[in-house]
Amino acid sequence: MFRGLLILLLLASPLIQAGEVYRWKDERGSVHYSDQPPPPSARQTVKVTGKGNVVDVDKESYDARIAREKNPVVLFTSACGPICDQARDHLTQRGIPFTTKDPSKEPEIAVELKKLAGAVEVPVIVVGKTHQKGFEAGSWDSLLDSAGYPKTPLIPAKRNPITQP
């Protein structure tokens, strides 16, 4: 009887230890992880969820995040066929977070593209303050490299584009 109870407690102990984990930033911007709730002054509080001993983490490398913050990528594209599909796929395969704008659906975007590139032609990539008309993988890569984006993604890309609102 005593042995059975001891075995049951040992088997249940991992479940007892599994608790909530919190992630937050303090006033100085330092990130903290703890099993205790964050203080009231904490910013960007998130309850980290996991399954077993797996914890969700950022799917973007530090270099990619810094590059995205300094030089966000916008892709002006539409259903223009294979060239637009290749442009989207190239950014997706490289793991570049980008926002898609379709000038064929909204007149404001068409005006923005005309002002930026001189014509309403797609695809056009905008990296920070630099833009390039048309798709050519080598020149797009050099543009992304100069903006600080990593050459390979942290997590292999799926077929769906990574978008930022």
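Trainee: What share of the contacts with a separation of 6 or more in the protein chain comes from residues 24 or more positions apart?

Mentor: In this predicted model, residues 24 or more positions apart account for 52% of those contacts, where a contact is a pair with heavy atoms within 4.5 Å.

Trainee: What makes Tyr33 count as exposed?

Mentor: The cut-off for exposed is over 50% relative accessible area, and Tyr33 has a relative accessibility of 55%, so Tyr33 counts as exposed. Tyr33 lies in strand E2, which spans residues 31-34, and together with Val21 and Val31 Tyr33 makes a nonpolar surface patch of about 260 Å².

Trainee: How many of the residues of the protein chain count as buried?

Mentor: Buried requires under 20% relative accessible area, and 27% of the 165 residues in the protein chain count as buried.

Trainee: Why are E7 and E9 said to stand at the edges of their sheet?

Mentor: The open sheet has 4 strands in the order E7-E6-E8-E9, with mixed pairing. Strand E7 (98-101) and strand E9 (130-133) each have a single partner strand, so one side of each is left without a neighbour in the sheet. From one strand to the next, the twist averages 20 degrees.

Trainee: How do you know that E6 and E8 pair?

Mentor: Two strands pair if there are at least two bridges between them, and 4 bridges join strand E6 (residues 73-76) to strand E8 (residues 124-127), the two running antiparallel. Within this pair, Phe76 stands opposite Val124 in E8. Helix H3 (residues 82-94) lies across E6, E7 and E8, and runs at about 160 degrees to E6.

Key. Residues are numbered from 1 along each chain as its sequence is written. This is a predicted model: local features need pLDDT of at least 70, side-chain atom pairs count only at pLDDT 80 or more; totals for chains, interfaces and linings use all residues. Side-chain values use heavy atoms; hydrogens and water are left out. Axes are lines fitted to C-alpha atoms, for helices over the stretch in contact, and angles run from 0 to 180 degrees between N-to-C directions. Patches are made of residues with over 30% relative accessible area and no salt bridge: like charges are joined within 9 Å, nonpolar side chains (Val, Leu, Ile, Met, Phe, Trp, Tyr) within 5 Å. Accessible areas come from the Shrake-Rupley method with a 1.4 Å probe; for residues, only the protein chains shown count as cover. A salt bridge is a side-chain nitrogen of Lys or Arg within 4 Å of a carboxyl oxygen of Asp or Glu. Buried means under 20% relative accessible area, exposed over 50%, partly exposed in between (1.4 Å probe, protein chains only).
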